Amino acid sequence: MGEQATIIDFLSASLRGLEASGRAVLSPAEQQVADSIADKLDHELEDMVKQLESVASCQQEDEDDDTPEEELPPFAAFCVGLRRIGGSLLPHLVSTFKGLCDARGVPVGPFSWIIRARADAFVAYLLQVAQVHGLAFDDSLQRVGKDEQIALARLGADLRILMQQELDNVM
């Protein structure tokens, strides 16, 4: 079994991708603000991940638009649970970023790369959790098959759409 990536690994990869895309160079004062915001968000992200990892199981709840007799397979239900978690925590992370910018009296635009990298890393982390731990919820599965790949793709798409909507709301 290979070593699992941590949220720090995902954040590092996301930041490298942003740097490669030509992120604007900040003045020393702007860099100091960026470092302060990034540090606070890193602590928030770390706390979110610790809380997520402490959750022992993810039970499927009834959705308003699903019929009660329609129950998802365990792996798909786990992905739905992670979608709900992402649906709560991504807006929280973006809101925290906006609050940090407001508290410092700076616009979010020049510092948007800070939240984009952390939100992207959190989405990648949730997808890894689904891949690694989702199989544990279905005793009949030994590896990710076609249905599970579809569930993972849907989870990834849903989380990225949510992330982009949240980022668009603060920009």
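Modeller: The discussion below takes up the overall fold, then the helix pairs, and then individual residues of this predicted model.

Colleague: Let us begin with the fold. How many helices and strands does the protein chain have?

Modeller: The protein chain has five helices and zero strands. Read from the N terminus, its elements therefore follow the order α-α-α-α-α, as assigned by DSSP runs. Of the 171 residues in the protein chain, 37% are buried. Among contacts with a separation of 6 or more, 83% join residues 24 or more positions apart.

Colleague: How does one describe a pair of packed helices?

Modeller: Two packed helices are described by the angle between their axes and by the distance between those axes. In this model, helix α3 (residues 74-104) packs against helix α4 (residues 112-133) at an angle of about 165°, and their axes are 10 Å apart. Because of that angle, α3 is roughly antiparallel to α4. The crossing of these two helices, α3 and α4, is right-handed.

Colleague: Which residues of α3 and α4 meet?

Modeller: From α3 come F75, F78, C79, L82, G86, L89, L90, L93, V94 and F97. They meet S112, I114, I115, R118, A119, F122, V123, L126, V129, A130 and H133 of α4. Sorted by class, the contact of α3 with α4 comprises 17 nonpolar, three polar and one charged residues.

Colleague: At what angle do α3 and α5 pack?

Modeller: Helix α5 (residues 146-170) and α3 pack at an angle of about 15°, with axes 10 Å apart. The angle is under 35 degrees, so α3 is roughly parallel to α5. The crossing of α3 with α5 is right-handed. On the α3 side the contact is made by F75, A76, C79, L82, R83, G86, G87, L90, P91, V94 and K98. On the α5 side it is made by E148, A151, L152, L155, D158, L159, L162, M163, E166, L167 and V170. By class, the contact of α3 with α5 has 15 nonpolar, two polar and five charged residues.

Colleague: Let us turn to single residues. Is M48 buried or exposed?

Modeller: M48 is found in helix α2. Its relative accessibility is 4%, so M48 counts as buried. Beyond its neighbours within four places in sequence, M48 is in contact with L89, H92, L93 and F122. For one of these, H92, the C-alpha atom is separated from that of M48 by 9.7 Å, although the two residues are 44 residues apart along the chain.

Colleague: Where does E46 lie, and what is its relative accessible area?

Modeller: E46 lies in helix α2 (residues 28-54). With a relative accessible area of 37%, E46 is partly exposed. E46 and I8 are 38 residues apart in sequence, and their C-alpha atoms are 8.8 Å apart in space.

Colleague: Which residues does Q128 touch?

Modeller: Q128 is placed in helix α4, and at 11% relative accessibility it counts as buried. Setting aside residues up to four places away in sequence, Q128 touches Q4, A5, F10 and H133.

Colleague: Finally, how many disulfides does the structure hold?

Modeller: A disulfide is a covalent bond between the sulfur atoms of two cysteines. The structure holds zero disulfides. As for the cysteines themselves, C79 is buried at 4% relative accessibility, and C101 is buried with a relative accessible area of 0%.

Conventions. Residues are numbered from 1 along each chain as its sequence is written. This is a predicted model: local features need pLDDT of at least 70, side-chain atom pairs count only at pLDDT 80 or more; totals for chains, interfaces and linings use all residues. Side-chain values use heavy atoms; hydrogens and water are left out. Axes are lines fitted to C-alpha atoms, for helices over the stretch in contact, and angles run from 0 to 180 degrees between N-to-C directions. Helices (H or I, at least four residues) and strands (E, at least two) are DSSP runs, numbered from the N terminus. Angles under 35 degrees count as roughly parallel, over 145 as roughly antiparallel, 65 to 115 as roughly perpendicular and the rest as oblique. A crossing is left-handed if the near helix is turned anticlockwise from the far one by less than a right angle, and right-handed if clockwise. Contact means heavy atoms within 4.5 Å. Ala, Val, Leu, Ile, Met, Phe, Trp, Tyr, Cys and Pro count as nonpolar, Asp, Glu, Lys and Arg as charged, and the others, Gly among them, as polar. A disulfide is a pair of cysteine sulfur atoms within 2.5 Å. Buried means under 20% relative accessible area, exposed over 50%, partly exposed in between (1.4 Å probe, protein chains only).
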